[in-house]
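Morning, everyone. I have one structure to show today. Let me put it up, and then we'll walk through it.

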Amino acid sequence: MIIAVDGPAASGKGTLAAGLARHYQLPHLDTGLLYRAVGWALRDEPDGPDFEAKAIAAAQRLDAAHLGNLEALTSANTGILASRVAVIGEVRVAMRQYQREFARQPGGAVLDGRDIGTVICPDADAKLFIVADSKVRMERRARQLELRGLPVDRYALYHQIEERDARDMANPHGGFYKADDAHLLDTTLLDIEASLRAAIAIVDGTM
Ligand code: C5P
């Protein structure tokens, strides 16, 4: 069973995908971490002629060992870097292979990201597209950071989310849209438990 969970930044798709993976006892891949790891590798690289080639090389070298540094990878700045490398076609191609191999595990998997239901696993058994109002998404991300004891500038965070949305939406390679056969789940007014219940009901209904 392959479950594809897509949606914009801080929509709650990662938390939902993790909950679905626990519920159905499947392995889970947060594909944003792959792009974040490549972005992080380029953190000291100025935006110039070498940026693209270095991003492609970093994507081709990527393996699971690079995904461990969660503290750095989940920061807001790394999210911005990730969205910059994610517009490079060859970076996406290198990532595609890793993601498809993960999805091919016996028994299946849950993958969350932006193009899982459209490009990575178009034949997934269940597809969800998670959305939420951008101010609500900002507030959720702010609370996550606060829980980790990190300082939060809500104004800056809101703009980072908007910047990422804009770049992701214009991504010429991603096609970050809802697959025709994906189920739309708006979590603006739902807490984590209610969102997970709704997602499980959708997945059960498609099996
Ligand atoms: O999901 P997360 O916010 O961690 O993703 C970080 C960035 O990586 C996104 O803003 C997007 O640009 C990129 N990404 C992508 N395709 C995916 C997952 C993430 O392009 N499947």
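Start with strand 4, residues 126–131: four bridges join it to strand 5, and the two run parallel. Strands here are DSSP runs of E, at least two residues long, helices are runs of H or I of at least four, and both are numbered from the N terminus. Strands pair if DSSP finds at least two bridges between them. One example: I130 has L185 in strand 5 as its bridge partner.

A word on the source. This is a predicted model, where local features need pLDDT of at least 70, side-chain atom pairs count only at pLDDT 80 or more, and totals for chains, interfaces and linings use all residues. Numbering runs from 1 along each chain as its sequence is written.

Contact means C-beta atoms, placed from the backbone, within 7 Å.

Next, a helix pair. The axes of helix 3 (51–61) and helix 6 (89–103) come within 9 Å and cross at roughly 0 degrees. The two are therefore roughly parallel, a label for angles under 35 degrees. Helix 3 brings A55, I56, A59 and Q60; helix 6 brings E90, V91, A94 and M95.

On to the ligand. There are 15 residues around it, and G32, Y35, S83, A86 and G113 come nearest. Near means a C-beta atom, placed from the backbone, within 6 Å. Helix 2 (32–41), helix 5 (76–85) and helix 9 (154–169) each supply at least two residues of that shell.

Last, the overall chain. It has ten helices and five strands. Its radius of gyration is 16 Å, close to the 17 Å from the globule rule for 207 residues, so the chain is as compact as a globular protein of that length. That radius is taken over C-alpha atoms, and the rule is 2.2 Å times the number of residues to the power 0.38.

Technical notes. Axes fitted to C-alpha atoms, helices over the stretch in contact; angles between N-to-C directions. Parallel < 35°, antiparallel > 145°, perpendicular 65-115°, else oblique. Contact = placed C-beta atoms within 7 Å.
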